[in-house]
Each structure stands twice: as structure tokens, then as C-alpha cells.
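I opened this model to look up a helix, the domain divisions and the chain contact. My notes follow.

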Amino acid sequence: MIASVYDAVVIGGGLHGLSAALHLARGGARVTLLERSWLGRHASGASAAGVRTLGRDFAEVPLALEAMTMWHEISALVGDDCGFHAHGQVRVAENRAELQVLEQRHSALRSLGYDHEEIVDARELKRLLPHVAPHCIGAAVARDNGAADPHRTLRAFRRAAEAAGVTLRENCGVEAIERAGECWRLRTACGVFEAPNLVNAAGAWAGEVAALVGDRIPLGTKASMMIVTERMNPLVKPVVSSVGRPLSLKQTDQGTLLIGGGVQGRFDLKKEEATVDFAALSKAARTVSELFPVVRDVRIVRAWAGLEAKTVDLLPVIGLSPNAPGVAHAFGFSGHGFQLVPVVGAAIAELVLHGGTNRPIAAFDARRLMAKEAAA
Amino acid sequence: MSPGPDVIILGAGPAGMAAATRLRDCGVAVTLIDEQPALGGQIWRGIETSHNGPLENALGKDYRAGAGPAAVLRASGAELRLAAQVWQIEEGWRVFVKTGDAVGMVTAPILLLASGAQERPNPFPGWTLPGVVSVGGAQIMLKTSGQVPENPVWVAGSGPLPLLYMTQLLALGGRLAGYLDTAPRENFSKALPHFPAALTGWRDLYKGARWLWQLRRTGIPVISDVAEIEAKGNDRLETIAYRRRGGEWISMPAEVLLAHEGVVPGVHFTLALGCEHDWRDDQLCFAPRLDDWGETSREGLFVAGDGAGIGGAEAARLRGEITAIGIARRLGKSSESEAARLAKSPRRELARALATRPFLDALYRPRPEIFVPAAETVVCRCEEVTAKQILDAARLGGSGPNQVKAFTRAGMGPCQGRQCGYTVSHLLARQQDKSVGDVGFFHIRPPLKPVSLGDLAALHVEESAL
């Protein structure tokens with residue numbers, strides 16, 4: 001069979017794959033993207049689409065701050081605002097101890113020279129969130145944060161990637177990868193492809209793809225659940241999270257509430273399925289109805305779970321493979337990758353096209369996880 | 001905590017009632033759950049509270065036949081959970097139920113879905129206007145409260161249900177403005193070859209003929225071969241317009257329009273649970289793939305009644321019986337050969353009950369127009385998405401129903417796509433020149449019925465109490 005030859009093949013049609021493909025094509029590469037089912041089928045389509053620097057691991061902060069700047073000009077990148085609104089993100093403290101956690105983090109950030117988070121008192125919190133329960137005493141706030149519309153974001157990245165010349169292939173799962181001279185040869189459900197460069201953005205299945213090129217990277221799986229309700233009167237403008245319990249709450253442009261925050265469903269990686277566990281999901285419902293008592297009678301219309309990879313330190317893997325020439329990894333975002341989409345794609349394109357990047361990605365090297373596996 | 005039942009049955013219509021009664025006979029612990037406050041399902045709705053009054057007379061003999069089975073079931077020792085809404089089912093057969101303000105969960109190794117059919121989605125311009133109701137919805141009002149619309153009603157549609165409803169309406173003193181019969185005339189010649197086989201079920205055929213004859217006798221206008229209808233009005237229905245096949249549009253004033261284009265199996269539960277389904281071209285619907293005992297592709301999950309394919313009340317009862325025999329066998333209450341022997345007679349009766357089906361399916365095969373509504377017609381009424389928006393979204397690269405859902409929000413509202421799912425699949429099939437079976441249906445996301453955040457929050461307490 002004759003192989004189609006490209007400069008780079010991106011494996012995985014979620015937002016990170018699309019972003020990498022887009023930046024690669026803009027950088028002059030001939031790119032095809034292979035998606036086993038359809039674009040945005042798993043984590044990207046199931047995302048709460050929070051655009052957040054608030055509360056991020058210090059290692060992610062520099063990259064997240066650059067991404068935030070990109071989000072504020074996202075139209076320049078993909079020709080659409082992706083439904084992004086910078087109504088802020090608020091992390092609520094329900095008691096003294098929680099507020100102290102926020103304050104300590106805040107001074108640590110200050111000492112590192114970051115000023116994107118601020119601490120607000122109960123009064124300002126009430127102004128930001130008029131319906132919040134009165135027992136909440138303060139919060140950390142990042143005012144330039146917000147949320148986007150995941151489906152609109154997918155559509156925008158998809159169109160931009162196509163316009164930049166990327167060939168998108170859906171229903172095209174990778175079956176085998178082998179070395180062919182200076183190239184990688186991929187046997188897939190829709191033919192054979194060859195390219196000197198591969199981008200592994202295969203999300204929950206990225207560990208399997210990494211293994212195909214010889215990288216053993218231990219990964220866990222997340223099946224974070226989301227709830228969407230019927231439409232209701234304006235409740236919140238910022239995205240709300242809590243210090244003490246898993247929660248993320250936002251209100252969409254349509255007026256529906258989107259509730260998540262990491263409560264885990266059940267999953268079956270082989271069947272490519274994630275299913276909702278209502279007994280576990282009831283925790284999220286309890287949290288939100290305790291923080292915002294007015295929502296108790298609002299009806300849940302749908303719930304779902306999205307599949308993605310998580311790492312042991314909950315930081316992503318971003319960087320060139322330590323073993324396989326020309327392979328770049330971008331996965332393991334562990335439940336908070338949406339905001340990083342524009343910047344990680346740019347970093348991956350630099351790695352592939354120039355062999356390196358000035359962006360601060362050292363903390364995300366795959367070797368930190370592989371060493372742990374080797375030691376174990 | 002008391003041990004759970006052996007079998008949970010959802011739906012207390014003819015299938016669920018027959019299955020529960022039969023399983024009790026075999027000594028199986030059964031919990032029967034239904035949304036309604038009493039036994040009967042749709043066909044026998046309100047049967048337990050009915051008396052021998054004018055309403056029961058108007059509803060007819062088939063309706064009154066439900067009283068006996070209901071009494072037998074009541075005495076059977078089955079646990080009845082009525083006025084209970086099932087809002088979610090999870091593997092291991094955990095059935096989440098809301099009764100009044102209480103939310104809870106029942107578990108059993110075997111689950112029988114006998115939750116019946118739903119009216120086929122029937123979008124036409126103006127179908128969302130106040131004053132436009134489905135015939136099924138109107139019949140529920142009639143059965144629960146003997147209510148008939150005050151003003152003369154127009155009925156537009158095809159199938160046995162409009163005929164039955166009109167007969168019942170007239171018997172209760174309601175007034176008909178006219179009947180727009182939308183069954184294509186050409187159906188008749190296509191149905192004819194099935195007629196000899198259908199004669200086994202001559203009683204059903206006779207019933208239908210009698211309804212039609214009663215209707216004709218009243219002198220009410222009956223307009224046949226209607227291809228398209230439209231409802232118009234500012235805040236509510238004021239005018240209806242129709243066009244006969246090959247004819248001109250004709251308008252007239254109207255206050256109430258009842259529409260109906262047949263029923264389809266309710267497949268939301270089985271789709272959500274990942275059962276295999278087949279496209280049934282004879283009934284233009286999806287139906288779960290079942291074995292001889294009504295078991296789906298998922299072990300321990302059974303389907304009986306119209307949810308298994310439209311067959312009517314008698315077939316539903318018999319499928320309930322057969323499935324119960326199969327479940328008893330699964331539970332070790334009877335041997336393979338004994339089960340086969342017990343099922344012999346109900347299987348024979350089922351064949352007889354289904355004998356008229358091919359004829360009726362062909363005679364009342366829906367007109368093609370309802371599957372490809374005009375561009376501006378609202379298809380998803382929850383999210384107000386038109387046919388054109390759906391086709392545009394599919395053209396922009398999201399070819400399957402789930403991508404169209406993500407792009408347009410069609411199917412994302414509280415009805416979970418029950419009203420628009422088939423239309424979306426048909427529109428895509430037509431656009432892409434595929435069969436509806438290949439296009440498939442929406443991925444059904446839980447919960448199966450809307451449940452409030454407060455209810456879900458309360459579930460936590462319930463579970464820890466278990």
C-alpha cells in the first residue's frame with residue numbers, strides 16, 4: 001500500500017491535537033490529524049471549558065499566563081471568540097481554615113512575582129456572587145479568567161486548522177506505528193501515513209500511543225462528570241470553585257448551569273466509554289445546592305463523563321520524547337487542560353519545527369514519570 | 001435493609017402487569033414501578049378508579065378488559081411502586097426512583113423494561129402553537145378526567161389511534177370539525193398483499209372498520225390523502241391549512257388541532273443502557289434486538305410490550321407473559337424444557353395477535369413528508385432548532401446526530417431528544433443518502449428524566465442510609 005507522506009502526523013482530534021496541528025500548519029508544515037472517532041469525542045467535547053489561571057500549580061503558572069493572554073485575543077488565532085467571556089473565576093472559602101489556605105497561596109505567588117490572583121472579603125464576594133450562601137467568608141479571585149463554549153471552541157479550532165491546510169481525518173484510528181528510515185509509518189483504519197514527526201495528543205489513550213513508539217509512560221484515567229441543568233434566571237457570572245470540595249459551577253450564555261469539578265464517573269478504556277455514577281454525582285449536587293441554595297429546584301437535564309489521562313503529579317506531559325526521534329507528546333492534562341490549548345499547541349509546533357522552545361515546559365518532561373516507573 | 005427484589009419491572013401496562021403476575025405465580029419477588037398513580041399503563045389508564053359510567057362505556061370493551069388483570073395483580077403480592085418516576089438506570093440494575101419528595105434506589109439482578117411506546121415525532125409548521133396537541137395527549141385527558149375539548153376539534157393524522165379517539169370523543173359528546181386523513185392513498189395497494197394473513201386477526205380489522213364507519217355516519221368532513229398540514233396563528237392556533245397530494249393549499253379557521261402519526265417503541269432506556277438496536281423499516285423505528293425470551297444484548301435486561309416493537313395491547317400482554325417465563329427460567333424456577341412448554345401457548349397467541357401488523361404497518365405507513373419537514377419548521381422544540389439549522393450544521397462537517405446535537409443544541413433540552421431524535425436522524429439520512437439505521441440515533445445522556453439538583457443532593461443521604 002502506498003503511504004501518504006506528511007511533515008507531521010497528529011494523533012488525536014481533541015483540542016490539543018487540533019491546536020498543535022493548527023500551529024504546525026501555520027509554521028509551514030504539511031500536517032494531517034488522525035482521530036479515531038470524531039473530533040472532540042472525549043474530554044474536549046465533555047469539558048467545562050474553564051479558562052483559568054486561578055489556583056494552578058506553580059509549575060503551570062507561566063504557561064497559563066501566556067495562554068490567558070492568547071485567550072483574550074483568541075479571535076486573532078482562530079477567527080472566532082470561542083464563546084469566551086472573562087467574567088472572572090472565584091474560589092470560595094467556606095471557613096477560616098480555607099481562607100487561610102488561599103492567603104498562604106496568595107503570598108507565595110506574590111513572592112514569586114505573580115499578581116494575577118487576589119483575595120477578597122465576604123462583602124466583595126457577595127458583590128461578585130449575590131446568591132452565594134452567607135456562610136462563605138471570602139475567596140480568591142482572578143478577574144481576567146472566565147470560560148468558553150467547548151463546542152464552539154472545537155468548531156473554531158477545526159475550521160482554523162482546515163483553513164491552515166491541515167487534513168483532518170475522522171474515524172481513523174492508529175493501529176500500528178513503525179520506523180521506516182527517517183520516518184514513522186502509521187497503519188491506520190484509513191490507510192498508511194508516513195512522516196518524520198508525530199504529535200501524540202491522544203488523551204486518555206496517549207499512553208498506548210506512546211508505547212507504540214517505545215515510551216513507557218504510566219498514566220491514570222480521569223472520567224470527570226458534568227451536570228447541565230435547564231435554563232434559569234441569572235445566578236452567577238464568574239466561574240465558581242471551592243477550596244474545600246470538588247466543584248466548578250458556571251452559567252452558560254443560554255442560562256443553563258454547568259456543574260463539574262472533578263467528581264469521577266466510571267470508565268472502560270477498551271470500549272472508549274465513560275458512564276455517569278449518580279451516587280457519586282450527588283456529592284456535586286450537594287455542594288452546589290449548599291453554596292447556592294436557590295438552585296435546589298433547578299432540574300438536571302443531562303450529565304456526562306469525559307475521558308482523559310491523568311498523571312501521578314497531575315501535571316501534563318509536554319515535550320519531545322526522550323527515546324523516539326521526532327515525536328512530541330502533549331497529554332495528561334489531568335482535568336485542567338482546556339485553558340492551555342492555545343499555548344501548548346504553539347510550544348509543540350516549535351518543538352517539532354525547531355527542535356526546541358523557549359516556553360517554560362521543563363516541568364512537564366515525560367522522564368519524570370518514566371523514572372518513577374523504572375524505580376518502582 | 002430488606003433484600004431487594006429478584007426482578008424490577010418498569011411500566012404497569014399490559015406487558016408489565018402480565019409479567020408481574022406471572023412471575024409472582026412462580027414465587028419470584030417483583031417490584032413493579034410506574035409513573036402513574038394506578039395500574040393500567042396508557043391503554044388502561046385510570047382503570048382502577050373507573051366505574052361503570054358513561055366514560056367507561058365511551059372508552060369501550062377493550063378498555064374495560066383491564067379491570068380484571070389489575071385486580072389479580074393487586075392480590076399477587078408484587079411490590080407496587082406507583083406514582084414513582086424512574087429518572088436513571090445504571091448497570092447492575094440500579095434503578096433510581098423519585099416518589100413524591102423522596103429519591104431512592106432499587107436494585108435487582110434482573111430488569112424488565114415494559115415502558116411502552118411514544119407518539120412518533122411529527123413536526124410541521126406551527127406544531128408548537130398553543131391549541132395544537134397530540135392525539136395521545138388528548139386521550140390521556142379523556143381517560144383521566146373524561147375531559148373533551150370544548151370547541152370542535154380538527155384531527156390530522158393516520159393510524160388506529162385517531163380513529164379510536166374520535167369514536168370515544170363523539171361518544172362523550174365532544175364535537176369534531178373534521179378529520180384530515182394523512183395516510184397516503186398508495187398505502188392501500190401496498191397493504192393489500194398483507195390482507196389475507198391479517199384475516200386471522202379479523203376482530204381487530206372489524207374494530208377499525210367499525211370506527212371508520214361510525215365516523216363517516218356522523219357526516220363530519222373526512223379529507224383523505226392529505227400530504228401536508230400547517231398550523232397558523234399569532235399566540236395560539238387560529239387557522240389550519242392542508243394540501244392533498246397533488247392539490248392546492250386550503251385554509252380554514254380552527255381552535256384545536258390534534259395530530260398523530262403513529263407510535264414508536266420508547267427506546268431511550270435501552271439506548272442509554274447501550275443495548276444493540278435494529279432499524280425496523282416496516283415500522284420506521286429503532287427497536288432493541290431481543291432474543292426469544294425478550295432479553296436484550298445486555299445480560300439480565302429484558303424488554304416486553306410495545307417497547308419491543310409496536311404490536312398493541314394484546315401482543316404486549318403476551319410478550320409480558322413470555323418474558324416472565326424466560327426470566328423465571330433464568331432464575332432457576334423452571335427448567336429449559338418446562339419454560340419452552342409453558343411458553344408454547346402464549347407464543348401461538350402472540351403470532352395471532354401480530355397477524356394484522358404487517359397489514360396495519362403498510363396501511364398506516366407514515367407519509368414521507370413528516371420526516372423531512374420544510375426548512376423553517378421547528379424540529380427541536382425544547383431548544384427551538386429548525387430543520388434548516390440541522391442540515392446546515394451537518395454540512396459544516398458534523399455529519400452524525402451527536403455532532404449535530406453539539407453544534408445546534410437540538411436534543412439537549414428537557415425532553416432529551418424524544419421529540420426530535422427521529423427527525424434529526426431522518427434529515428441526516430436524506431441529506432447524506434444513507435439509511436436511518438446507518439445514521440443512528442442520539443447518544444442518550446443521563447438522567448433519563450429530569451431530576452432536580454435538590455433531589456440528587458438528597459440521594460447521598462439515602463445511599464449512606466443503605
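Which residue just after H16(B) takes a positive phi? I found that Asp433(B) does, with a phi of about 55°.

Ground rules. The model is predicted, local features need pLDDT of at least 70, side-chain atom pairs count only at pLDDT 80 or more, and totals for chains, interfaces and linings use all residues. Residues are numbered from 1 along each chain as its sequence is written, and chains are lettered from A and ligands numbered from 1 in the order in which they are written.

Entry 1, the helix. I looked up H16 of chain B, residues 421–432; helices (H or I, at least four residues) and strands (E, at least two) are DSSP runs, numbered from the N terminus. Its 12 residues reach 17 Å from first C-alpha to last, close to the 16 Å expected at 1.5 Å a residue; the expected span is 1.5 Å times one less than the number of residues. I then checked burial (buried: 20 or more other C-beta atoms within 10 Å of the residue's own, C-beta atoms being placed from the backbone). H16(B) is mostly covered, with 9 of its 12 residues buried. Among them are Tyr422(B), His426(B) and Leu428(B). The buried residues pack against strand E21 (378–380), helix H14 (387–395), helix H15 (401–408) and helix H17 (436–439) of chain B. Contact here is C-beta atoms, placed from the backbone, within 7 Å.

Domain bounds come from an automatic or database domain assignment. I noted domain 1 (7–118 + 265–334), domain 2 (121–261) and domain 3 (372–439). The C-alpha centres of domains 2 and 3 of chain B lie 26 Å apart. Their contact takes 5 residues from domain 2 and 10 residues from domain 3.

The contact takes 27 residues from chain A and 24 residues from chain B. H8(A) gives the most to the chain A side, with 9 residues. By class I get 13 nonpolar, 5 polar and 9 charged residues on that side of chain A. Ala, Val, Leu, Ile, Met, Phe, Trp, Tyr, Cys and Pro count as nonpolar, Asp, Glu, Lys and Arg as charged, and the others, Gly among them, as polar.

I located Ile300(A) opposite Val451(B) in E23(B).

Methods. Contact = placed C-beta atoms within 7 Å. Pairing = 2+ DSSP bridges.
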